[in-house]
Amino acid sequence: MAVFVTKLKVDPNYAFAVVALDEINIAVTSPKINDLCIMFIDLYSKEVTKIKTKYECRAITVRDGKLLSISPKLGILSIDANNGNVLSTIEKRLPNYTLLTSFKSKLYIGDPDINTISCCEMDGTTIWSFKDDTVITNPRGIAVDGMGNVYITNGDQNNVTVISSDGNQSKQLLSKVDGLKIPTAIQYDRKTKSSVSGKLC
């Protein structure tokens, strides 16, 4: 079932990062000072449910019914979606615009400060890291397909790059000539085996 929405206002909060919970519902982080929260939005009814958080939450993904979010001063938080309580913390010093997604038993982290993409165990232990400044510069969006290949949007290079599941190879898939202009987000649909990239507005 497809739902098409042109625009949803979340004032007085703002949308920082979005993750799809299912075909209808999304979770949106809003690290607004004095009103830190995660918003749950039903795209069909446009109903917004807001859960307060004690800590700043930025990039977000979902794993086994729990939310995982980057909190720059703390690390990666596992959050109870029912009440916003922090269940556990992976202590890592990460910049504000760190990328985060998950697939199976792995976390995938993009560090825009050092142009590095890492595949990690769920406890934060690094399995592999990919760094090549001729390939990845200013990573803005991250997604993983059903084989563990990692898709990255590069803001400076106006392209989409795929990194192999072992972190050893990379290939440019789309570029400025394909119409990309400062792409900031990407999503891979594992059901249809297709990806879409664009700007997160």
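This is a predicted model: local features need pLDDT of at least 70, side-chain atom pairs count only at pLDDT 80 or more; totals for chains, interfaces and linings use all residues.
Strand 14 itself (residues 150-154) is mostly covered, five of its five residues being buried. In a regular strand the side chains alternate between the two faces of the sheet. Accordingly, Val150, Ile152 and Asn154 point one way from strand 14, while Tyr151 and Thr153 point the other way, and all are buried.

Val150 also features in the largest nonpolar core, where Tyr108, Val150 and Ile163 touch the most other members among its 14 residues. Two or more residues of this core come from each of strand 9 (99-103), strand 11 (116-121), strand 12 (126-131), strand 13 and strand 14. When residues up to four places away in sequence are not counted, the contacts of Val150 comprise Tyr108, Ile117, Trp128, Ile142, Ala143, Val144, Thr161, Val162 and Ile163. A second core, separate and made of twelve residues, includes Ala17, Phe40, Cys57 and Leu67.

Turning to charged side chains, a search of the whole structure finds five salt bridges. In one of them Lys50 is paired with Asp35, with the closest N and O atoms 3.3 Å apart. Because Lys50 lies in strand 4 (residues 48-52) and Asp35 in the loop between strand 2 (25-30) and strand 3 (37-42), this pair ties together parts that are 15 residues apart in sequence. Lys50 is partly exposed, with a relative accessible area of 38%, whereas Asp35 counts as buried at 11% relative accessibility.

A salt bridge also links Glu56 and Arg58, whose closest N and O atoms are 2.4 Å apart, and Arg58 counts as buried at 10% relative accessibility. For the salt bridge of Asp64 with Arg63 the corresponding separation is 3.4 Å; here Asp64 counts as exposed at 62% relative accessibility, and Arg63 is partly exposed, with a relative accessible area of 23%. Salt bridges that share partners join Asp35, Lys50 and Lys52 into one network.

How values were computed:
Residues are numbered from 1 along each chain as its sequence is written. Side-chain values use heavy atoms; hydrogens and water are left out. Buried means under 20% relative accessible area, exposed over 50%, partly exposed in between (1.4 Å probe, protein chains only). Helices (H or I, at least four residues) and strands (E, at least two) are DSSP runs, numbered from the N terminus. A nonpolar core is a set of buried Ala, Val, Leu, Ile, Met, Phe, Trp, Tyr and Cys residues joined through side-chain atoms within 4.5 Å. Contact means heavy atoms within 4.5 Å. A salt bridge is a side-chain nitrogen of Lys or Arg within 4 Å of a carboxyl oxygen of Asp or Glu.
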